[in-house]
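Thanks for asking me to look this over. My notes follow as numbered points, to be read next to the structure.

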Amino acid sequence: MKTLNKITALSILFSGVLLSCSEAEKQLAEDNLLVINNQSVNEDKALTLLKTNCFTCHNPDLDIENRVAPPWFKVRQHYYDEETTKEEFVAAIINFINNPTEENSIMPGAVRNFGLMPKMSFKAEDLQLIAEYLYDNDISSDEWYEQWEAFEKKTALIPTEINYEDLGRNIANETKANLGKNLMAAVKEKGAAGAVEFCNIQAIPITDSMSVVLNAKVKRVSDKPRNPINAANNDELEYIENWKKAKIKGEKFPPKVVEINNKMVGYYPIETNEMCMKCHGIPEKQINTETLANIKKLYPNDKAMGYSENEIRGIFVVEMDKK
Ligand code: HEC
Ligand code: HEC
């Protein structure tokens, strides 16, 4: 590991110096080590976020066949040149992710080829970390790629203090990104009518290494389910109602993590965007006749129509082992 080497090299360097230096210098040396350690923790965090939230679609592996979005280096080329400051870059990326519209896009060709990027929700500090990392690192370079391959091989270290809320959010977001990717690919290939069965979550694997360590499971439930299997129970209904109320009032109702039967269970809202309207919007207006027929055939008790954009469609329920 590159960073580890750096730390070892530095400690050797400093251990020689330390014998003769004052307390102040010793403190400085320790601070330096701390900065480097923090940096590698932050880099790992950024890479984890990228892997689960962005590379699902903006694959750095140049896999042309399964492409549903431009590879990241292409996006970076449009957002970055020698004169771009970090502040400008970070602001532009965050602005687009929070509001992926045609007006905000500077890549009309990508929108034409792939359709608009679906809107997802992130924690502000996570987005900041992602955007800063993307400014600092040239993902098309061999050096970066080596780092990425090493990162992918690394097994997860269980941190002493697990933040289940953040972990659950990452797992929910990864699921959402995977689902979005499969849906976009299916709608592109078969049209909405042919893609109806692709909104099924059972087939979505979670690859976040912490989710494997914690034996995490994800399900989606709704107060107005399409598939009766996905009906929310009473506890889940309460969360959905609270989110809906908060949303109407323009307030924030934070995701929740509770302990149930020795498991940590996190709840995260699922909101609708433009892409969902083809199958969850207004029948005959947004959902075309053919799609409607397929939905009715597969889901005779469907309750999941008539939504508009930016509504609470249901919640992710993420169950994790308690460590
Ligand atoms: C579900 C698939 C998907 C995921 C996940 C995804 N994107 Fe995208 N993204 C797209 C598609 C499709 C486009 C091209 C169309 C467009 O520009 O809207 C795109 C375009 C972009 C653009 C260029 C926008 C423009 O048109 O100017 C940026 C910036 C971007 N994505 C950032 C991100 C970041 C950062 C993440 C992770 C936090 C991410 N995306 C996750 C699908 C995705
Ligand atoms: C191509 C059609 C299609 C699109 C587009 C689509 N869905 Fe679905 N959705 C379905 C089908 C079909 C089901 C039932 C899946 C099952 O049997 O588990 C479903 C189920 C769901 C469920 C699980 C609860 C339930 O009602 O069974 C949620 C939540 C959901 N969709 C949210 C979304 C969101 C959010 C979007 C947009 C980002 C979206 N869907 C886009 C077809 C679609």
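1. Let me begin with the backbone of Met 107: one of its N or O atoms lies 3.5 Å from an oxygen atom of ligand 1. Ile 106 also takes part, with a polar backbone atom 2.8 Å from a ligand 1 oxygen. From a side chain comes the contact of Tyr 79, whose N or O atom is 2.6 Å from an oxygen of ligand 1. A polar contact here is a pair of N or O atoms within 3.5 Å; within protein, one must be able to donate a hydrogen and the other to accept it, and residues adjacent in sequence count only if both atoms are side-chain atoms.

2. Before going further, please keep in mind that this is a predicted model, in which local features need pLDDT of at least 70 and side-chain atom pairs count only at pLDDT 80 or more, while totals for chains, interfaces and linings use all residues. Residues are numbered from 1 along each chain as its sequence is written, chains are lettered from A and ligands numbered from 1 in the order in which they are written, and side-chain values use heavy atoms, with hydrogens and water left out.

3. How many residues surround ligand 1? There are 29, and the closest are Cys 54, Cys 57, His 58, Tyr 79 and Met 117; being near means having a heavy atom within 4 Å of the molecule. By type, the shell divides into 23 nonpolar residues, five polar and one charged. In this count Ala, Val, Leu, Ile, Met, Phe, Trp, Tyr, Cys and Pro are nonpolar, Asp, Glu, Lys and Arg are charged, and the others, Gly among them, are polar.

4. Ligand 1 takes up the space of the largest cavity. A cavity is a set of points, on a 1 Å grid over the protein atoms alone, where a 1.4 Å probe fits but cannot get out; a molecule sits in one if more than half of its atoms lie within 2 Å of its grid points.

5. Which elements give two or more residues to the shell around ligand 1? They are α3 (72–79), α4 (86–98), α5 (108–114) and α8 (164–195), and α8 contributes the largest share, four residues. Helices (H or I, at least four residues) and strands (E, at least two) are DSSP runs, numbered from the N terminus. Both domain 1 (1–154) and domain 2 (166–323) supply at least three shell residues, with bounds from an automatic or database domain assignment.

6. Cys 57 is in the one between α2 (23–53) and α3, and counts as buried because its relative accessibility is 18%. Met 117, between α5 and α6, is partly exposed at 23%. Buried means under 20% relative accessible area, exposed over 50%, and partly exposed in between (1.4 Å probe, protein chains only).

7. Have a look at Asp 126 in helix α6 (residues 124–136) too. Its relative accessibility is 8%, so Asp 126 counts as buried, and its side chain makes a polar contact of 3.3 Å with that of Lys 45.

8. Last, the loop between β2 (256–260) and β3 (263–271) holds Asn 261. Phi of Asn 261 is near 50°, and phi of Asn 262, found in that loop, is near 65°. Most residues other than glycine have a negative phi. Asn 261 is exposed because its relative accessible area is 73%, and Asn 262 is exposed at 54%.

Key
1 Å grid on protein atoms, 1.4 Å probe; cavity = no way out; pocket = protein on both sides within 12 Å on 5 of 7 lines; lining within 4 Å.
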